[in-house]
Amino acid sequence: MSPVRSRIEDIAAALSADGLILRGGFNFASGEETPTGLSGAPVKSVLLVGQAGAEPWPHFLRWRQNQPQAIANPLDTWSREVIGAVAKDFGARAISPSDKPYLPFQQWAMRTEGLKPSPLGILMHPKYGLWHAYRGALMFEDEIALQEPRQAIHLCDTCVEKPCLKSCPIDAYSEDGFAYESCLGHVRGQDGAPCRNGGCLDRNACPYGTDYRYPAEVQAFHMASFASL
């Protein structure tokens, strides 16, 4: 007889049907300010949902075929639907990083997986490099048995050359931060075709996690979304 799966394993299995993964979670400390759950009571546990590489992409494309062409933010909409369905099955409240009022997803991610930001602002993962994302979270009003997160190796600390700060033709990323307006203007402009078609040159220059690098089609989709802002 096979062992009974835990709730965590069941949730992870449900998410994997659409290429998403359970990124981990944490329990709020006593007295800590928390969001509210389904009933309006304070949340006690949060599980982060995301992706590694482009696993969700074919699932998203199949869903997209049956949606209005002009739908706004289709990837966010798909993510909300998938994560929302899992939340309903497991008695959780589903939230998205783009929901307002904004919740501290990046801080939660750092707390959950022990990650630190790269020079590009994307959290550096010891396995996936920069090729991962958080698509939502499941919030529970009861406490879930979770392992204590461990501090991950921060690969940027061992990277001497920092090619991620040397590949952009307009030096959009620097120690001073991200030159948003300059980047947006370049991506939209005549000289921005390499970025529009193949993704951020700085991000692609990172030597870590290359097995999980998004295909050019996926990167072009994200850059098109950025250029439309």
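Reply: A salt bridge is a side-chain nitrogen of Lys or Arg within 4 Å of a carboxyl oxygen of Asp or Glu. Please note that the model shown here is predicted.

Me: How many salt bridges does the structure hold?

Reply: There are five salt bridges in the structure. One of them joins the side chains of E32 and R111, with an N to O distance of 2.7 Å. E32 belongs to the loop between strand 1 (21-27) and strand 2 (45-52), whereas R111 belongs to helix 4 (residues 105-113), so this contact ties together parts that are 79 residues apart in sequence.

Me: Where in the chain do D99 and R80 lie?

Reply: The side chains of D99 and R80 meet in a salt bridge at 2.9 Å, N to O. D99 is in the loop between strand 3 (93-95) and helix 4, while R80 is in helix 3 (residues 74-90); the pair links distant parts of the chain, 19 residues apart. D99 is partly exposed at 26% relative accessibility, as is R80 at 37%.

Me: Which residue forms a salt bridge with E161?

Reply: The partner is K166, and the closest N and O atoms of the pair are 3.7 Å apart. E161 has a relative accessible area of 53%, so E161 counts as exposed. K166 is likewise exposed, at 56%.

Notes: Residues numbered from 1 in each chain as written. Predicted model: local features only at pLDDT ≥ 70, side-chain atom pairs only at ≥ 80, totals over all residues. Heavy atoms only, no water. Helix = DSSP H or I, 4+ residues; strand = E, 2+ residues; numbered from the N terminus. Buried < 20%, exposed > 50% of the residue type's maximum accessible area, 1.4 Å probe, protein only.
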